[in-house]
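Please look over the sequence and the model below before reading on.

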Amino acid sequence: TAIQPVVPAELVVDHSVMVDFAGTPDAVEANQRAEFAANLERFRFLKWGSQAFRNLTIAPPGTGIIHQVNMERLARVVFTEGEVAYPDTVVGTDSHTTMVNA
């Protein structure tokens with residue numbers, strides 16, 4: 001398509017704060033299934049976005065919390081596109097999202 005992010009972008013979909021199941025060995029998996037069922041339309045849209053844009057990567061719920069996923073899988077600190085260098089950035093919507101070089 002004609003519209004593409006200029007630089008690579010990643011979106012980490014963090015865990016929900018809803019807890020429907022607790023105290024059982026399969027509580028984590030049951031909560032993830034409930035979250036996907038409750039947000040199916042949103043997750044289908046995000047999946048479409050990850051396939052439609054070449055510079056967009058989406059880490060779905062269950063991959064890990066945003067700080068862990070950023071530090072262990074996504075962070076590049078500095079990356080280049082041709083002869084231009086871009087700093088790695090992260091925008092978190094919670095009070096403790098960390099950057100690798102912070």
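Among what covers the buried residues of helix α1 is helix α2 (40–52), where helices are DSSP runs of H or I with at least four residues, strands are DSSP runs of E with at least two, and both are numbered from the N terminus. The model is a predicted one, in which local features need pLDDT of at least 70 and side-chain atom pairs count only at pLDDT 80 or more, while totals for chains, interfaces and linings use all residues. Residues are numbered from 1 along each chain as its sequence is written, and side-chain values use heavy atoms, with hydrogens and water left out.

Helix α1 spans residues 27–38, which makes 12 residues, and reaches 16 Å from its first C-alpha to its last, close to the 16 Å expected at 1.5 Å a residue; the expected span is 1.5 Å times one less than the number of residues. Its buried residues are A27, A30, N31 and E35, where buried means under 20% relative accessible area, exposed over 50%, and partly exposed in between, with a 1.4 Å probe and protein chains only. Seen down the axis of α1, these buried residues fall within an arc of 135°, so they line one face of the helix, the arc being that of the directions from the helix axis to the C-beta atoms. The face turned away from this buried side carries the exposed residues R33 and A37.

## The chain as a whole

The protein chain has 3 helices and 4 strands, and from the N terminus on, these elements run β-α-α-β-α-β-β. Of the 102 residues in the chain, 24% are buried. Among contacts between residues at least 6 apart in sequence, 60% join residues at least 24 apart, a contact meaning heavy atoms within 4.5 Å.

## Aromatic rings

A search of the whole structure finds 4 aromatic pairs, for which rings of Phe, Tyr and Trp (its six-membered ring) must have centres within 6.5 Å; planes under 30 degrees apart count as stacked, over 60 as edge-to-face and the rest as tilted. Two of these pairs are set out here.

| Pair | Centre to centre | Angle between planes | Class |
|---|---|---|---|
| F36 and F43 | 4.8 Å | 50° | tilted |
| F45 and W48 | 5.8 Å | 25° | stacked |

Being 3 residues apart in helix α2, F45 and W48 are separated by about one helical turn. Ring pairs also link F45, W48 and F53 into a cluster.

Strand β3 (residues 78–81) and strand β4 (residues 84–87) run antiparallel and are joined by 4 bridges, and two strands pair if DSSP finds at least two bridges between them. The two strands form a hairpin with 2 residues between them, and G82 in the turn has a positive phi of about 70°. The bridge partner of E81 in β4 is V84.

F79 lies in strand β3 and counts as buried at 11% relative accessibility. Not counting residues up to four places away in sequence, F79 touches V7, P8, V84, A85, Y86 and P87. Although F79 and P8 are 71 residues apart along the chain, their C-alpha atoms are separated by 9.5 Å.
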